[in-house]
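Here are my notes on the model, point by point. Have the structure open while you read.

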Amino acid sequence: ADVVLQDGRVLAMDGLFAQPRTHMASPVAQQLGCAFEDGPMGSFIQVDMVQTTSVPNVFACGDAARAAGNVALAVADGVMAGFGAHRASMG
């Protein structure tokens, strides 16, 4: 397929990858007052190493709390969020 650039040049390509901007599917984090960061794909919830947000006892994980989507990292973030929540409930 041909791609026409803004300056009028035409490039023939076999494939093209695009990186769309994302947005939060739910307003809950914003309503709770969680801090956000801007990433290359859009804003995401700011968290620490155990997925704690800027709001005490609120945890976020996966694509909502990461600058880029990745299934394996989202699963690992979920484990860390569970650890963080458990640790917070103990003390």
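**Notes on the model**

1. Phenylalanine 17 is exposed, at 84% relative accessible area (buried means under 20%, exposed over 50%, partly exposed in between, with a 1.4 Å probe and protein chains only). You'll find phenylalanine 17 in the loop between strand E2 (10-12) and helix H1 (28-32); helices (H or I, at least four residues) and strands (E, at least two) are DSSP runs numbered from the N terminus. Methionine 49 sits 32 residues away from phenylalanine 17 along the chain, and their C-alpha atoms are 31 Å apart.

2. A word on ground rules. This is a predicted model, where local features need pLDDT of at least 70 and side-chain atom pairs count only at pLDDT 80 or more, while totals for chains, interfaces and linings use all residues. Residues are numbered from 1 along each chain as its sequence is written, and side-chain values use heavy atoms, with hydrogens and water left out.

3. Now the hairpin. E3 (residues 36-39) and E4 pair in the antiparallel sense over four bridges (two strands pair if DSSP finds at least two bridges between them). Two residues lie between E3 and E4 in this hairpin, and glycine 39 faces glycine 42 of E4.

4. Which residues make up the largest nonpolar core? There are seven: Ala29, Cys34, Ile45, Val55, Val58, Ala60 and Ala65. Such a core is a set of buried Ala, Val, Leu, Ile, Met, Phe, Trp, Tyr and Cys residues joined through side-chain atoms within 4.5 Å. Leaving aside residues up to four places away in sequence, valine 55 touches Leu32, Gly33 and Cys34 (contact means heavy atoms within 4.5 Å).

5. Two backbone angles deserve a look. Glutamine 51 isn't a glycine, yet its phi is positive, near 70 degrees; asparagine 57, also not a glycine, has a positive phi of about 65 degrees. Glutamine 51 is in the loop between strand E4 (42-45) and H2, and asparagine 57 is in the loop between E4 and H2 too. Glutamine 51 counts as buried because its relative accessibility is 5%, whereas asparagine 57 counts as exposed at 59%.

6. Finally, the surface. Val71, Val75 and Val79 make a nonpolar patch of about 310 Å². Patches take residues with over 30% relative accessible area and no salt bridge, nonpolar side chains being joined within 5 Å and like charges within 9 Å; a salt bridge is a side-chain nitrogen of Lys or Arg within 4 Å of a carboxyl oxygen of Asp or Glu. Valine 79 belongs to helix H2 (residues 71-90) and counts as exposed, at 56% relative accessibility.

Key. Accessible areas come from the Shrake-Rupley method with a 1.4 Å probe; for residues, only the protein chains shown count as cover.
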